[in-house]
Amino acid sequence: MSAQKGSEKPGSQTKKFGKGELEIPHHTQKAKKFYPAEDEKKPKKVRKSIKPARPRPSLAPGSILILLAGRFRGKRVILLKHLPQGVLLVTGPYKANGVPLRRVNARYVIATSVKVDLKGIDEKVVEKVSEEGYFTREKKNDKAGEEAFFKQGEKPEKKKVSSARASDQKAVDKTLLTNIKKEPMLLEYLRSSFSLRAGDRPHEMKW
């Protein structure tokens, strides 16, 4: 019995003041006089669940795309694979128009009706390129010091492409170029850049 009494929470008291009653809480239930200076951050509840991006039906692997933004805007590229969160893995090929293996947002792309046969491409190389850490830049250990201050007027050094990336590019381009050369005028189509002139109506064009 003593254990049960100790486990019970103390209740509030009611006192009568004339015609009315007032409920007085126990001293353990009263509000604290001191609060922490900084509010504790609580993570926001995400109501909407993150859904995987659904690619457009026109963005099929092997289809030729037109880039609308970025360094290579206006170039025609070949779609190799869909990556998560609406990102596409594309290539020029590099020997055709100078566009290397790169990731592109699907929103800044126009899909054409022309397609290239992807048979013969090494799937292991494509899987290697589509990994998350493949396109991350290498961190430089050189800190800006006196030498960097006196070299401000000189021309910056050219960025060197790693041998692994160059070999992957050659492995993908070799099979693509053989398939492209089988189709007449397809190589010239990839080499030409897309542009609009005054009076052109893109919404009426057939891609």
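How much space lies in the second largest pocket? In this predicted model, the volume of the second largest pocket comes to about 220 Å³. Its lining is made up of 16 residues, and those that lie nearest the centre of the pocket are Ala 53, Arg 54, Gly 86, Val 87 and Ala 106. Two strands, β4 and β5, each contribute at least two residues to the lining of this pocket.

The interior of the model was examined next. In soluble globular proteins, nonpolar side chains tend to be buried together. The largest nonpolar core holds 21 residues, and the members that touch the most others are Ile 78, Leu 80, Leu 89, Val 116, Val 129, Leu 176 and Ile 180. Two or more residues of this core come from each of the elements β4, α3 (123-129), α5 and α6, and α5 gives the most, with four residues. The surroundings of Ile 180, one of the core members named above, can be listed in detail: with residues up to four places away in sequence left out of the count, Ile 180 touches Ile 78, Pro 93, Val 116, Leu 186, Leu 187 and Leu 190.

Attention then turned to the geometry of the backbone in the loops. The peptide bond that joins Gly 92 and Pro 93 is cis, with an omega of about 0 degrees, and Pro 93 is found in the loop between β5 (87-91) and α2 (94-97). Pro 93 is also among the residues touched by Ile 180.

A positive phi was found at Gln 85, where the angle is about 60 degrees although the residue is not a glycine. Gln 85 belongs to the loop between β4 (76-83) and β5, and its relative accessible area is 57%, so Gln 85 is classed as exposed. Met 185, likewise a residue other than glycine, has a positive phi near 65 degrees. The loop that contains Met 185 runs between α5 (163-182) and α6 (186-191). With a relative accessibility of 61%, Met 185 counts as exposed, because the class of exposed residues begins over 50%.

How values were computed: Residues numbered from 1 in each chain as written. Predicted model: local features only at pLDDT ≥ 70, side-chain atom pairs only at ≥ 80, totals over all residues. Heavy atoms only, no water. Buried < 20%, exposed > 50% of the residue type's maximum accessible area, 1.4 Å probe, protein only. 1 Å grid on protein atoms, 1.4 Å probe; cavity = no way out; pocket = protein on both sides within 12 Å on 5 of 7 lines; lining within 4 Å. Points joined across faces, edges and corners; volume = space filled by probe spheres on them. Core = buried A, V, L, I, M, F, W, Y, C linked by side-chain atoms within 4.5 Å. Contact = heavy atoms within 4.5 Å.
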